[in-house]
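I opened my notebook for a friendly look around a protein chain. Come along and check each entry against the picture.

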Amino acid sequence: MAARSRGRTWVSASASALAAGLILSAGAASVAARPIVILEQVESAPPGTSAQPVGDQLGSHASISGDGKYVVYQGVPEQSVTASGETPEVSFDERESTIYLSNREDGSTIELTPVPVGLRSGNSISPIISGDGCSVVTITEMALDVFRDDDAGTRWDVYRSVLPHCEGVVGNWELVSTRNDGSSLARDDIRPDFSPTVSRSGTAIAFVHPDERLFGAPDVNAITLIDLTVPASDPGRAQIVAGMPIDRPNTVFVHVGLDQPALSGDGRYLAYRSDASSAEAVPVWGTGLIDGASATQQVFVWDRLEPNPFRQVQLVSALPTGEPTTAGAGEPVVSRTGRVIAFSSGDQGLVPSVFPTCTDDCPTQIFRLDRDIDADSVYDEPGETALEIVSAEPITAEAPTPVAGRAASSQPTLSADGQLIAFVSKAPNLQLIDAPGSGAALDGDILVAGTGDISLRRITVSTDGVRPTIGAHSRPDLSDSGRITVFDTLAAAQLIDEGAAPGRQVVALSSPSRLALADADVGTTVVGLESAGWFVSLVNEGPSAFDPATVTVDDRRFAINPDESSCVIGTLVPAGARCNVSFTFTPTSEAAVSATITIAEQGFEALSVSASVSGSGGDPTLQIYPGGGDFGEVAVGQSAIEFLFDVSNVGFVSSSVERIEIAGAQASEFAVTTNQCVDRPLNPRANCAVGVTFTPSEAGRRTILIEVFTPLGQSTSVILAGDGVFEPQLVTLENTVQAGEEFVLGGSGYPANTELVVVFNDDPGDMVHVTTNDGGGFIAFIPVQPNASGGDRLVVVQPPHGVAAVATIEVIQDEPMYIGMPGFGLG
């Protein structure tokens, strides 16, 4: 056995007799003193994940364009040094914040809010970039419009600027927050605590300000939406958001009005937080729990195009009874079409779940509302909704009720289609390994989940792909596909390979999709006659969406049929989903031909995937039924149930099957296990059976093409696919271990010859490295620190990418030793 030390790293050998007896096999479970525990929860970063710093300045409040190319953020102004003779002069900028634009493609960063010559300096905060990447909206103290914005007093206004790559000019800002009296003058009273929101095109902008209509109630807020396509002098340019009462608050509760606006990408829907009964046809002020305390705030959504006042505003944070939540809700975000809304709430009655025990101030959870479960893009019947909790432990057959996070989750953000959601969480039970430490009050882990996912994916992991960083991240924002997440963090040095300056800075984390597209062979088709429609299926293995923009084929004899295809422009393919491309083949001769079909994205960091399609001319003789098959998920090294298909003679004369071939990159993982066709006559309309078995050797999507040939060269084919998955298992040899000693741990079902990390889930800083053998198993002696805490401890064994498993070991804590001191009766 290889030498091992009492230190933190030891690589196990696979040749020992002990390993032969302990590494899990058919009868190994009988050795275990503790039950085997399998937890299919991805802890590590997916393959290809990478993090890069954004800009050179410390910063926060980042916003990313839909394609992920541009990021705007709030940063600290740089101090400029200029030469004056022989003595350098430093120009000190007294501002605390300014706005930067970073181009992730070329790495350049420019300041968007420099102080114009002759104007008073001021801070600029809370930038947001439009989805098309062309406009930036910010709140600033500076009077950037000298004609309509005065330069007196302490005040804030909202401005928009078209960016240089969209024919804009740096420093050319357009005043947005004009008064509602048609004067087009600046309001000067924008609430800086609430970020503005902007539509994808940058033409609709909403912001929070005091409602000047409510005389004597200066602390009550309203939301105004500005339509920049309307002239500045037109009163229709500015519109108070529906759902605001027209009278001053007249209840026993404290009211703040409407805030936290969030626009859908198309600009039609605006979600917001309100302490009024905003969904009423005539809104009135809401109620609270305690007289004299704050009124309860709820989340509502306003449909700008709905003429019926009874249906303009919908309550989003509704209990199953349709009543508002008791604990309230906030932080709404909206998908591009307004179909999906996510928000946070501490109300434990929203959905069935196991919530932590609490009385007041229960931890907020993240909820996702699909407002149209029938996938109808027009909301003719508001109220047909599906609400789910996102900040919860994975649902299993043994635990079908979700278990909510034990600490607060907040700051949700959505991909364009609403299929991916990212948020910040402090809950220790939502991941296998606890984050070591935390940052500011709003900080935590950043977790991502997709629709229907059984698990949450932590993206804030160290560069080794396994260990969590300290929970010091906040304000995530997703690109359209969810592939890029931008956020600010105090732990940049743990996320990126290169050194990072101390302080809060912006990081962009990329998780490219893994795509699979199988080859296809249409077989033999009559020369000059177009074949029936065939399909190639694109499978998106995740973790982000794929946005097909073009589908091409490089041979005219193969024609794409867009009307029968589901891989269409403008329709994202979420993680775990698939789309089909329909094509036909018209041979011009009896020669075998092949072509390449390519499905590609466009723009920044675009992905593409290709497949080979082939066919030949002649008289069709054979046909396979069914036309395709999928083995589903199969454990690596295990064999799936045999898939059977029939081969039929569709010709007019007798024939036979000469051979059956398996083609494709993963052909070695599939085998013909039943063959009733080869070397047997096959009469017209007769059929024979073929069976294929799938035994994956790696994880991921595996596809092959089964081709069946006659002696004359006619052929037909079928595409078979399956997903290889690792199902790691662990077993401990002992029930207990004394602190300061070590215990024996065995494992199987991991990738072969791969270094694994072994940690206690509550102490990720102290880890052991082990390496699997050729069969994906290992045996290791795991040391326990002398000062380790006692009780049942979870041991997590994690590969660089993939599924972790856990086992339980009871640690016996050493009894404390008390040393006698003179004068204390002991010496």
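Before anything else I wrote down what buried means: under 20% relative accessible area, with exposed over 50% and partly exposed in between, using a 1.4 Å probe and protein chains only.

I noted that this is a predicted model, where local features need pLDDT of at least 70, side-chain atom pairs count only at pLDDT 80 or more, and totals for chains, interfaces and linings use all residues. Residues are numbered from 1 along each chain as its sequence is written, and side-chain values use heavy atoms, with hydrogens and water left out.

**Entry: the whole chain.** I looked up the secondary structure and found 2 helices and 58 strands. Both are DSSP runs numbered from the N terminus: helices are H or I with at least four residues, strands are E with at least two. Of the 827 residues, 53% count as buried.

Entry: How buried is Phe583? Its relative accessibility is 1%, so Phe583 counts as buried. Phe558 is buried too, with a relative accessible area of 3%.

Next I checked the rings. Rings of Phe, Tyr and Trp (its six-membered ring) pair if their centres lie within 6.5 Å; planes under 30 degrees apart are stacked, over 60 edge-to-face, and the rest tilted. By this rule I have 12 aromatic pairs. Phe558 and Phe583 make a tilted one, 6.2 Å centre to centre with 50° between the planes. Phe558 lies in strand β37 (residues 558-560) and Phe583 in strand β38 (residues 578-585), so the pair ties together parts 25 residues apart in sequence.

Phe558 also pairs with Phe585: the centres are 4.6 Å apart and the planes at 20°, so this pair is stacked. It links strand β37 to strand β38 across 27 residues. Phe585 is buried, as is Phe558.

I found a cluster as well, in which ring pairs link Phe631, Phe643, Phe645, Phe670 and Phe694.

**Entry: charges over rings.** My rule here is that NZ of Lys or CZ of Arg lies within 6 Å of the ring centre and within 35 degrees of the ring normal. Arg371 has its charged end over the ring of Tyr269, 4.7 Å from the centre. Arg659 lies over the face of Phe709, 4.0 Å from the ring centre.

Entry: Strands pair if DSSP finds at least two bridges between them. I saw that 4 bridges join β30 to strand β31 (residues 484-489), and the two run antiparallel. His473 stands opposite Thr489 in β31. In strand β30 (residues 473-478), 5 of the 6 residues are buried.
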